[in-house]
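The stops below are meant to be selected in order.

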Amino acid sequence: MASSRSSSSSSEESPDSETSVSPVHLPPTPPPTSTAVLKSPSESKSSSTDPPQCTHSEDSLPSAAFYGPLDSKNPLLASCEKEIRELLGFMKKKKALATSMEQKYEFHRRCATTLFNIWTKYAPRLPSNYYNEKLLKVGDSLCQIKFHALSGKNICNYQLVCESDANLQNEESVRQCLHILSSFRLIMQVALPQEHLCWIIFNGTLYIYTICRKLMVIGQSSKALEFLLWASMCMESSVPLLSIRYLTWRATLYTAVCQCHYDCQDGIHGEAFARRALAKIDELRQLELMSSSSSLETSRKYYREATIKMAVMIFKRGVFESRRKNKNVLRPKLRLNLKEAQSLPWPRTVTERLLDELLDSTSSRFLAVLEALSDSNRRILQTGPLVTDEMELRDVVSELFMAGKELLILSNVRSNGKLDFPQTSLLEHVVEKRNALSVGASVRFAKLAFTYEEWGLFESLAGQLIHFLQKQDNPQSKKAEKDLILLLAVEPLINVKRNRGLIFPLETDKETQSIENYLKHIACHESCMRTTFTEDTFSLAAILHFCVCVPTQGVLPDKDIVVDIIGLLWQRCKLGIQRLNIPKNDFAKYSHKISTNK
């Protein structure tokens, strides 16, 4: 989001200025296509609190034509422009300082009086067409100042909400966010018919997306959906924003709308919206081919990123729907032996063939795999297979893990058998059509393997990732390392039967096997006493203490993982406390308190 270029010099004063004030922070800068940028005026040095009044009779003064051509060098036109510019700059600078009703009334009175004096002073001396045009422009500028003020107020209100309730846990905080979103929508609705106010539309979509992402994170996607839809439609309806340079942002909004539909378990509308967005992107491509106004290489990257984002959203539902059981066909389908298929060359399954049809690089296919497996309504420690009675859909999940593992091996396993990653994001690889994956995407894949109980794949991949992350020196890597260490520590308490899962693990070496010894070292170092709990429970508690309480660049592990592990440990501790030697008279009381504790 760009920052506003409308800033006043601290040394300048308005014609009505009485005291100096600190700069007022305004909303982000309009897009470069905007013609509505408000620049600060060169404010008057006069100490008078009211604008200077003309002492001559207006009828006796010469008209603008007397001074020469009606251009920027004409002294009368220049004087008129200067006075108007100073007044608008003063209004923009001082408006926020008028807080009480009396101050607002006085501010409006002085501004209106000054503007009226300017019109009466210059009206008889200016050509009528120039005067009328200037009148409209001033009205438009006043409208823009009003938009600035309303947007700034909304931004401040949102910041106040986040300061008081960072995670929007209270219903009142969510209600205030929805009210702010409605206010932004109203501002955009008024500005939308005027093309030169396209920057207000663009900035409005930025604000709406920021707030809606916050709502989506806390599970309020159903409330965010209508505002994201509005933002998407505004980007389509504003002609200046149909430029190729805004396509990436449009695709981001389209993706957020699709994600909201999927979060609401409404996949059919999510896929339908993605297909509609794909058609809109193609329309823009056809228009650009006719105009040939931008660089082919630059536009190719824009279109590629937008198209792949939509293709991934289509794949997210399509990969499952294509395999649903047809209720009208009684004959059962022959299922592929997935254990045997893992030793075959790519493409081995229906899922892998669909990936080949839709996408054209390792990075884009891996992105599709991640999105298809992801479920925002499911926490990482909520382990288990896909919740469905249709075995065909569970097979799809296994095929997705098969594909993800194969893509990872093809792109990031070096000749020595170890994983290595470039310092770039997965999306950059996708846009550049590279056959490489990012470490962040691989960590996400490992967490999904944990959630779907592909234990063999998870353990082998997490071991190699931790070994790579330990060599990195940035907060993101340290956080990912702690997340994986905690998941490895908690896995024995969840996978009590020591299952390995359907997908074969990655090949391991001595360095990755040393991760187990590293975890044992942490547990022993953190220990201060022996308990009656199992070794796995005690080790998990010690490792959790290490990851949370031992500072590493001020980085903490994922909050949801920490909270869920604490809940799991409490369940174990609760059983232990109940087994303590408590007098019979007190046992029932303690047991009741423990069982009902929230």
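A salt bridge here is a side-chain nitrogen of Lys or Arg within 4 Å of a carboxyl oxygen of Asp or Glu. This is a predicted model, in which local features need pLDDT of at least 70 and side-chain atom pairs count only at pLDDT 80 or more, while totals for chains, interfaces and linings use all residues. Residues are numbered from 1 along each chain as its sequence is written, and side-chain values use heavy atoms, with hydrogens and water left out.

**First stop: helix α9**

Select Glu321 and Arg317, whose side chains meet in a salt bridge with an N to O distance of 3.6 Å. Both residues belong to helix α9, four residues apart, or about one turn of the helix; helices (H or I, at least four residues) and strands (E, at least two) are DSSP runs, numbered from the N terminus. Glu321 is partly exposed, its relative accessible area being 30%. On this scale, buried means under 20% relative accessible area, exposed over 50%, and partly exposed in between, computed with a 1.4 Å probe on protein chains only.

**Second stop: helix α8**

Next, select Glu271 and Arg275 in helix α8 (residues 267-291), again four residues apart, about one turn of the helix. Their side chains form a salt bridge of 2.9 Å, N to O. Is Glu271 buried or exposed? Glu271 is buried, at 10% relative accessible area, whereas Arg275 is partly exposed at 48%.

Now extend the selection to Glu271, Arg275, Arg317, Glu321, Arg324 and Glu390, which are linked in a network of salt bridges.

Move to Arg323, in the loop between α9 (296-321) and α10 (338-341). This residue is buried, with a relative accessible area of 16%. Which residues does Arg323 contact, leaving aside its neighbours within four places in sequence? With contact taken as heavy atoms within 4.5 Å, they are Val350, Thr351, Glu392, Leu393, Asp395, Val396 and Glu399.

Finally, select Asp560 and Arg379, a salt-bridge pair whose closest N and O atoms are 3.4 Å apart. The pair links distant parts of the chain, 181 residues apart: Asp560 lies in helix α20 (residues 559-578), and Arg379 in the loop between α12 (362-373) and α13 (391-412). Asp560 is partly exposed at 35% relative accessibility, and Arg379 is also partly exposed, at 32%.
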